[in-house]
Amino acid sequence: KGELRMQGLTFDDAGMYQCIAENMHGIIYANAELKIVASPPTFELNPMKKKILAAKGGRVIIECKPKAAPKPKFSWSKGTELLVNGSRIRIWDDGSLEIINVTKLDEGRYTCFAENNRGKANSTGVLEMTEATRITLAPLNVDVTVGENATMQCIASHDPTLDLTFIWSLNGFVIDFEKEHEHYERNVMV
């Protein structure tokens, strides 16, 4: 295949590499630069969100994505408690923290720790629980005669600290009320 594979790279492996392909009709060259990157974890470019919202009874994923080379090892704490994988909590390979069946007791300060052979860093965010959004009045099936109008309702309850947006779709495609204003009309009741 003409592949060059290298394992256990060091800084000495950095440089310009050249591939030469040759046959009886001639010779061609291609060049590529190999840069070796090594850096301690840093959250400067991608800090953890300062405020993370999670719906009561739902699932939340808190991302931890520092820049680091080689890939760091991750650990998490809530306040001063070190977190470990369990039935509701899981630390992913990419550093993200997943919590399922969120309760009020899950609220608090979460810190992600990242460490590699170059150093370590951490970033913190606060998890807050919100009331889950629920549809309290779902649209009903409607039979109408061709040419008549049809009205469908959808009412939902939600956490008062959050905004709520209703999105309607037809057969999996979102309805654009601005482009299709002659056919669809949205009535918002407050």
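Two strands are taken to pair if DSSP finds at least two bridges between them. In this predicted model, strand β7 (residues 73-78) and strand β11 (residues 108-116) meet that condition, pairing in the antiparallel sense over six bridges. The protein chain is divided into domain 1 (38-128) and domain 2 (132-189), and the C-alpha centres of domain 1 and domain 2 lie 37 Å apart.

**Domain annotation**
- According to the UniProt record, an unreviewed entry, residues 41-128 carry the annotation "domain: Ig-like".
- The span of residues 41-128 is 53% strand and 0% helix, and its end C-alpha atoms lie 27 Å apart.

**The five-stranded sheet**
- An open sheet of five strands runs in the order β4-β12-β11-β7-β8, and its pairing is mixed.
- The edge strands of this sheet are β4 and β8 (81-83), each of which pairs on one side only.
- Neighbouring strands of the sheet are turned against each other by 35° on average, when direction is ignored.
- Within the antiparallel pairing of β7 with β11, the bridge partner of K78 is Y110, which belongs to β11.

- Strand β4 (residues 51-55) pairs with strand β12 (residues 119-130) in the parallel sense, over five bridges.
- For K51, the bridge partner in β12 is V126.
- In a regular strand the side chains alternate between the two faces of the sheet.
- In β4, I52 and A54 make up the covered face, whereas K51, L53 and A55 make up the uncovered one.

**The loop residue S96**
- S96 is found in the loop between β9 (89-91) and β10 (97-99).
- With a relative accessible area of 1%, S96 is buried, because buried means under 20% relative accessible area.
- When neighbours within four places in sequence are left aside, S96 is in contact with I61, I62, E63, C64, K65, W76, R90 and I91.

**The aromatic pair**
- The count of aromatic pairs comes to one, and this pair is formed by F177 and Y184, whose ring centres lie 6.4 Å apart, with 75° between the planes.
- The arrangement of F177 and Y184 is edge-to-face, because planes over 60 degrees apart are counted in that class.
- F177, at 17% relative accessibility, counts as buried, whereas Y184, at 24% relative accessibility, counts as partly exposed.
- The two residues are classed in this way because the cut-off for buried is under 20% relative accessible area, while partly exposed applies between that value and 50%.

Terms used:
Residues are numbered from 1 along each chain as its sequence is written. This is a predicted model: local features need pLDDT of at least 70, side-chain atom pairs count only at pLDDT 80 or more; totals for chains, interfaces and linings use all residues. Side-chain values use heavy atoms; hydrogens and water are left out. Buried means under 20% relative accessible area, exposed over 50%, partly exposed in between (1.4 Å probe, protein chains only). Helices (H or I, at least four residues) and strands (E, at least two) are DSSP runs, numbered from the N terminus. Rings of Phe, Tyr and Trp (its six-membered ring) pair if their centres lie within 6.5 Å; planes under 30 degrees apart count as stacked, over 60 as edge-to-face and the rest as tilted. Domain bounds come from an automatic or database domain assignment. Contact means heavy atoms within 4.5 Å. UniProt positions are given in the numbering used here, feature names are shortened, and annotations may be inferred rather than shown by experiment. Axes are lines fitted to C-alpha atoms, for helices over the stretch in contact, and angles run from 0 to 180 degrees between N-to-C directions.
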